[in-house]
Amino acid sequence: MAYGPTPITPAEFLSWLEWRLLGMNPTSAVEAQRLAAIDAILLAIRLPRLCVGLLGGASLAVAGVGSQGLFRNPLADPSLIGVTAGAAMGAVTAIAASQAAFMQPLVELMGVFLLPGAAFIGGAFSVWAIYHFAKVEGRTSVVHLLLAGIAINALALAYVGLLITRADYGQLREFQYWTLGSLGAVTPRELLAILPFTAVPLFIFPLLARPLNVLLLGEAEAGHLGIEVQRLKLLVIVLCTAMVGAVVSVTGVIGFVGLVVPHWVRLLLGPDHKTLIPASALVGALLLVSADWLARLLASPAEIPIGIITALVGAPVFLLLMRSRRGTAWS
Amino acid sequence: MLTVEQLTVRRGTRTLVDAVSFGVPVGSFTVVLGPNGAGKSTLFRALAGEFAPEGGQISIHGRALPAWKREELAQFRAVLPQESTLQFPFTVEEVVLLGRTPFSDGSTSAKDMTLAHAALAQMEMSAFANRLYPTLSGGEKQRVQLARVLAQIATPPAEYAPILLLDEPVASLDPAHRFAALEAAKAVSTAGGIVLCIVHDLNLALRYADHLLALRDGKLLASGKVSDTLTPALVEALFDVQACAIPASKDFPGHLVLAPK
């Protein structure tokens with residue numbers, strides 16, 4: 001909260017808290033003016049950014065837990081079920097199309113929700129397509145789901161690449177923001193837009209801990225233990241799509257969190273979803289907020305794309321943790 | 001009671017299980033015998049309810065299989081597939097406790113823990129309780145999975161006899177543990193349960209099973225009491241091998257010796 005282009009000292013932050021929460025009035029006109037400025041920065045920029053960081057990190061990590069459980073594969077990443085690639089595809093389409101004259105009424109109507117909306121639709125669409133292709137004899141085959149995910153990811157990447165070769169300079173910056181991720185464009189409106197799509201799944205997921213544990217034994221085995229497997233899989237897909245699509249729509253593609261946070265937690269605490277889900281949410285939230293702080297600190301007053309930070313910080317720690325006791329079990 | 005009437009399973013133009021009918025009474029141990037590709041596993045998966053067959057009906061304790069709720073079935077019927085693919089580093093104890101899921105309200109009770117450890121002891125895996133499942137050998141994994149299904153059906157509802165469906169449960173086990181595994185299954189049937197088990201070892205079938213179902217090319221070639229039906233003639237017709245029955249002696253039960261044709 002304190003760090004940024006306008007530094008705010010801990011004392012100032014405390015007096016802001018006293019003023020806001022306890023109703024203590026500023027002692028001088030100069031201090032009142034300073035407090036009003038701090039108030040604007042904190043409420044309009046830093047608080048929403050912090051909240052999106054916490055919510056986004058928790059959502060990406062829990063969506064990672066969900067897709068890894070769904071595929072019964074510790075290497076499965078939310079991007080495998082197509083949300084990330086589809087969302088990026090939707091977003092770059094919106095950026096490119098918003099130049100056209102006939103699109104202007106829609107651009108005005110949607111306002112800041114144009115990109116998030118397009119990203120969400122793109123993510124949902126590609127998940128629907130992958131899920132559709134993965135249906136074999138009325139059941140979802142994990143192998144087909146993964147292969148369809150690979151194909152659609154390749155298609156989406158090619159599409160984004162094609163648009164980049166045709167982009168002007170300003171658009172290129174926006175594309176970069178989408179492919180590497182940033183919390184820089186977050187305002188209270190974006191926070192409000194993603195709140196239901198992230199908070200509701202985050203509350204539902206812990207309720208699925210037991211069925212997800214059983215699902216790790218195998219789909220047939222889970223069925224024989226009384227789990228309604230098809231319903232569980234559909235629910236996990238919908239929740240993961242909602243979370244990742246919403247986060248990607250306001251922050252762009254932030255890789256690594258969904259893949260590695262569940263790994264870390266599993267390596268330390270084991271694969272039981274009862275602890276894995278809440279612990280991953282917590283670690284994911286802290287990781288993304290810390291990464292965002294580093295992204296702003298390292299190249300101040302400019303910002304490094306946060307996706308670079310999450311990869312740089314996460315990969316070495318992941319390699320080290322792989323050597324722990326739980327880690328030796330991977331084959 | 002497990003009843004199968006005119007069960008038919010097709011995949012494309014091939015008929016994998018062809019109008020098979022049989023009944024398995026409570027308190028019996030039934031082996032399913034047959035050469036590779038005879039339709040044993042397909043029959044087994046249809047009995048487990050993993051897909052809807054193209055024709056015929058399966059009923060369990062007098063009720064058609066599709067009419068059962070999964071949660072209800074899971075309280076008295078356990079299924080062990082041929083191979084299990086668990087890649088996540090659960091401990092052996094945690095894997096066996098997953099078998100208690102149908103009875104759990106979310107937390108592990110002391111009773112579940114006792115039953116899980118009793119099942120591990122039956123499979124001689126007690127010393128492995130805290131080992132990570134993916135670090136075990138193939139045979140050890142199979143013994144853990146057997147313990148899981150034994151723990152699952154340890155406390156069936158009073159009105160339903162437990163049912164254990166085992167698809168080649170002992171293929172990866174050494175001789176001593178083959179005996180241990182089938183002794184445990186036999187204990188389920190002698191206590192009034194139903195055991196249906198695919199095996200390739202005819203002498204294990206002779207030793208433990210009461211009834212047999214002999215499948216070839218999707219058709220039921222023979223069924224009946226093991227003591228009457230598991231003869232050299234049936235084995236020769238079923239597997240295209242030469243078979244010879246060695247009568248029981250002081251130290252060994254009667255057994256079959258096979259030779260290539």
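**Reading the A–B interface, a sheet and a helix**

User: How many residues of chain A are in contact with chain B, and how many of chain B with chain A?

Analyst: In this predicted model, 27 residues of chain A are in contact with 33 residues of chain B.

User: Thanks! What area is buried between chain A and chain B?

Analyst: Here is the general idea: the size of an interface is often given as the accessible area lost when the parts come together. For chain A and chain B that area is about 2700 Å², with carbon and sulfur atoms giving 59% of it. On the chain A side, Leu217(A), His224(A) and Leu225(A) supply 26% of the area buried against chain B, more than any other three residues.

User: Which residues form the salt bridge?

Analyst: The rule finds one salt bridge across this interface. Glu228(A) pairs with Arg70(B), and their closest N and O atoms are 3.9 Å apart. Among the elements of chain A, helix 10 gives the most to the side that touches chain B, with four residues.

User: How do I read the sheet of chain B, and what is its strand order?

Analyst: Strands of a sheet pair through backbone hydrogen bonds, either parallel or antiparallel. Chain B has an open sheet of four strands in the order 2-1-4-5, with antiparallel pairing. Strands 2 and 5 stand at the edges with a single partner each, so one side of each lacks a neighbour in the sheet. Five bridges join strand 1 to strand 4; Val4(B), for instance, has Ile58(B) as its bridge partner.

User: And helix 11 of chain A: what span should its 23 residues have, and why?

Analyst: At 1.5 Å a residue, helix 11 should span 33 Å, which agrees with its end C-alpha atoms being 33 Å apart. Of its 23 residues, 18 are buried. Gly252(A), with a positive phi near 80°, follows helix 11.

Note on methods
Residues numbered from 1 in each chain as written. Chains lettered and ligands numbered in written order. Predicted model: local features only at pLDDT ≥ 70, side-chain atom pairs only at ≥ 80, totals over all residues. Heavy atoms only, no water. Helix = DSSP H or I, 4+ residues; strand = E, 2+ residues; numbered from the N terminus. Expected span 1.5 Å × (residues − 1). Buried < 20%, exposed > 50% of the residue type's maximum accessible area, 1.4 Å probe, protein only. Pairing = 2+ DSSP bridges. Contact = heavy atoms within 4.5 Å. Buried area = accessible area lost by both parts, 1.4 Å probe. Salt bridge = Lys/Arg side-chain N within 4 Å of Asp/Glu carboxyl O.
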